[in-house]
Amino acid sequence: MRHATAGTALTQEYAARFPQSRRLHARAVASLAGEAAHDSWRFDPFPVYFATCDGARKTDVDGNTYIDFWMGHGALLLGHHHPDVDGAVAAQLRSASHYGGAHALQVEWAERIVALVPSAERVRFVASGTEATLLALRVARSVTKRAAVIRIDGHFHGWHDEALAKAIPHDVAGFNPGNVENLYVLPFDLDLLSDAVDDLRPAAIILEPGGGSAGALPWSTGSLAELRRLTERSGTLLIFDEIISGFRYAPGGVQELSGVMPDLTVLAKIAAGGLPGAAVAGRADIMRVFGAGIRDGTILSAVPHTGTFNASATSAAAAIATLDKVADGTPQAAADRATGRLVDGINRCAAAHGAAVRAFRQSSIFHLVVGAASDERAVVGPSPEVLISQRTHRKDYAALRQSLLLNGVDAHLVHGWVSAVHSEPIIDAAIEAFDRALARLGRGADAPNIFRS
Ligand SMILES: Cc1ncc(COP(=O)(O)O)c(C=O)c1O
């Protein structure tokens, strides 16, 4: 058994291959806080800097080309530069980038969401997914007049205090203890949740219905239906964060697939056509909290909500063009097929190389399980063990990512998003890149632990 870690030779090879990226990184150290704009874009010894993107590919500042499995963090189901989306944005920019007031596109964008997302009757736009989950919780508290909220362990909802707290130390992260005293983070255990809603009488339960951590965790129609039943029983609002699953798992998201209707839905990424933007959508009687209204004879006070870039005109143009394309499910079916082919290919190569790497998919998102195959307990499918593997094999994941970048694939450390333009030849080229990357990793004294002797 070889026990080397990330691999000095591999890191040296990486550093030598990307000189312009290395130079930009050196400047970033002196200007960008934390050397990056997003925690996931930080990478050792430095991240690759990208210059252009097209279709399913991207090119870096050194001229290297990659098959892209970030796809705008899942926002680009239609691929980079879809002509209809580009055309709509270019046309919009000729009219205005910001109207500083109401515009027709915000109505047309909302109408698309109402048409596609089964539970959506009214839509409120914000600028990011983080803002959307923050606003949805505020709406829930306003409607129910309750304080407590329940989040599900391992589900992601952005970076505001209640979205992240209790997963990391509060003092280090800078959370305001007062902001999170009504937050409860529980595992997706229906017995526990049933007791918790009775005890806490929370305003809301928020979860990723398509499985937490971008689908690394499981979901089922039955458990969502049970959650719906117990939230209804206690007057708790059910919030589906469909930022990942919305328009990807199906045109109407997990609520379409499962038939389980949340009270509120949070949307972003594909919902905004790959440009910045997000939304809270919900039943009309609930969404009446925006602007004073009357429900059951009670006068509701309005939820305050502003935002310079809400319903941005350029995002609206991209979103409308995108939602019109994804409405019939054709791009989703293509992306699902491509992901299945990729996952089969990765598993074939990994087995051939004796590498403890396996992949599975949830819709058109693939998840890498490093440590599988060498560990009999490892589960290759949505499960909490996958998140544990991601934590315990961090260095192996990083070595794999370095090797993938050296061989022409760019993906998130632990998963990747596939688009409708990842054609069969592109997927086959990606499988070959995985093959080369695993062959490179298995060579030499610096082979990581994922290779058994
Ligand atoms: C399920 C989910 N919720 C919320 C967010 C936060 O969205 P944003 O990055 O736009 O703030 C993300 C981002 O990846 C997400 O995947």
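Trainee: Which residue just after α5 takes a positive phi?

Mentor: K145 does, with a phi of about 60°. The model is a predicted one: local features need pLDDT of at least 70, side-chain atom pairs count only at pLDDT 80 or more, and totals for chains, interfaces and linings use all residues. Residues are numbered from 1 along each chain as its sequence is written. Helices are DSSP runs of H or I with at least four residues, numbered from the N terminus.

Trainee: Is α5 mostly covered or mostly open, and how many of its residues are buried?

Mentor: A residue is buried if 20 or more other C-beta atoms, placed from the backbone, lie within 10 Å of its own, exposed if 12 or fewer, and partly exposed in between. α5 is mostly covered, with 13 of its 16 residues buried.

Trainee: Why does K395 count as partly exposed?

Mentor: Because K395 has 17 C-beta neighbours inside 10 Å. K395 lies in helix α16 (residues 394-406).

Trainee: How are two packed helices described?

Mentor: By the angle between their axes and the distance between the axes. Helices α8 (residues 190-200) and α10 (residues 221-233) pack at about 15°, with axes 10 Å apart. The two are therefore roughly parallel, a term for angles under 35 degrees.

Trainee: Which residues of α8 meet α10?

Mentor: L190, L193, S194 and V197 in α8 meet S223, E226, L227, L230 and T231 in α10, contact being C-beta atoms, placed from the backbone, within 7 Å.

How values were computed:
Axes are lines fitted to C-alpha atoms, for helices over the stretch in contact, and angles run from 0 to 180 degrees between N-to-C directions. Angles under 35 degrees count as roughly parallel, over 145 as roughly antiparallel, 65 to 115 as roughly perpendicular and the rest as oblique. Two residues are in contact if their C-beta atoms, placed from the backbone, lie within 7 Å.
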